[in-house]
Amino acid sequence: MELTHRLELFPDCTVTLLLFNHVKNAAALRKKAMEGSIEGALINPAMIVDPFQILVAANKAVHLHRIGKMKTRTLNAEIIFSLSPNNNISDAFKKFGISDSDTAVLIVLVVDKEKPVSLGDIVSQVEGQQVSLNELPLLTDTDRVKKMYKVTPQEEKLGTLLDSIVCRMSTKDGI
């Protein structure tokens with residue numbers, strides 16, 4: 001059900017993705033995330049086209065965390081911010097974080113060897129159905145994603161939507 005990937009640049013870190021649908025307690029989860037009482041970044045899956053998009057954001061967030069250059073206060077917040085094509089932190093949370101009325105949530109856990117995390121504990125806090133990441137495309141709002149990342153029809157002819165998204169995520173700090 002979940003996907004776990006070891007970060008190549010940080011082999012002591014793994015990123016685990018958990019996808020839930022029919023979530024009934026998004027408001028409570030969001031509150032726990034803001035208090036820091038739930039592990040993981042809580043992401044709106046409507047804005048995610050592929051798990052690779054999350055892995056890029058998590059890798060960037062871990063890198064910035066390790067060198068002490070994060071723009072947010074926590075690693076989980078930095079993951080959400082890294083998904084954004086712009087440098088507005090509050091906008092990133094509105095667009096990529098979950099809202100109180102969401103019925104689907106993608107939880108991203110970054111685990112290092114020094115700080116183990118219980119997946120069972122996290123899963124037990126979500127009042128919803130855990131689903132396979134193969135169902136992510138069913139939850140993605142492609143039109144909204146294209147608008148957020150300003151992907152043009154010409155650009156789509158040259159590469160994939162994922163290529164365009166990762167390019168914008170990766171270059172936002174350089175522009």
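Guide: In this account, contact means that heavy atoms lie within 4.5 Å. The structure is a predicted model.

Visitor: Thanks. Which residues does Q130 touch, not counting residues up to four places away in sequence?

Guide: Leaving out residues up to four places away in sequence, Q130 touches M1, E2, L18, L19, F20 and V123.

Visitor: And where is Q130 found?

Guide: Q130 belongs to strand β5, which covers residues 129-131.

Visitor: Is Q130 buried or exposed?

Guide: Q130 has a relative accessible area of 17%, so Q130 is buried, the cut-off for buried being under 20%.

Visitor: Let us turn to strands β1 and β2. In which sense do they pair?

Guide: Strand β1 (residues 3-6) and strand β2 (residues 13-21) pair in the antiparallel sense, over 4 bridges. The two are joined by a hairpin, with 6 residues leading from β1 to β2.

Visitor: What is the bridge partner of T4 in β2?

Guide: T4 has T16 as its bridge partner in β2.

Visitor: Now cysteines. How many disulfides does a search of the whole structure find?

Guide: The search of the whole structure gives 0 disulfides.

Visitor: Then what about C13 and C167: buried or partly exposed?

Guide: C13 is buried, because its relative accessible area is 3%. C167 counts as partly exposed, because its relative accessibility is 42%.

Visitor: How do the residues of the lining of the largest pocket divide?

Guide: The lining of the largest pocket holds 17 nonpolar, 8 polar and 9 charged residues.

Visitor: And the second largest pocket: what volume does it have, and which residues line it?

Guide: The second largest pocket has a volume of about 150 Å³. Its lining is made of H5, L7, E8, L9, F52, L55, V56 and N59.

Visitor: What gives the most to the lining of the second largest pocket?

Guide: Helix α2 gives the most, with 4 residues. By type, the lining of the second largest pocket has 5 nonpolar, 2 polar and 1 charged.

Methods
Residues are numbered from 1 along each chain as its sequence is written. This is a predicted model: local features need pLDDT of at least 70, side-chain atom pairs count only at pLDDT 80 or more; totals for chains, interfaces and linings use all residues. Side-chain values use heavy atoms; hydrogens and water are left out. Buried means under 20% relative accessible area, exposed over 50%, partly exposed in between (1.4 Å probe, protein chains only). A disulfide is a pair of cysteine sulfur atoms within 2.5 Å. Ala, Val, Leu, Ile, Met, Phe, Trp, Tyr, Cys and Pro count as nonpolar, Asp, Glu, Lys and Arg as charged, and the others, Gly among them, as polar. On a 1 Å grid over the protein atoms alone, a cavity is a set of points where a 1.4 Å probe fits but cannot get out, and a pocket is an open set with protein on both sides within 12 Å along at least five of seven lines; lining residues have an atom within 4 Å of a point. Grid points are joined across faces, edges and corners, and a volume is the space filled by probe spheres set on the points. Two strands pair if DSSP finds at least two bridges between them.
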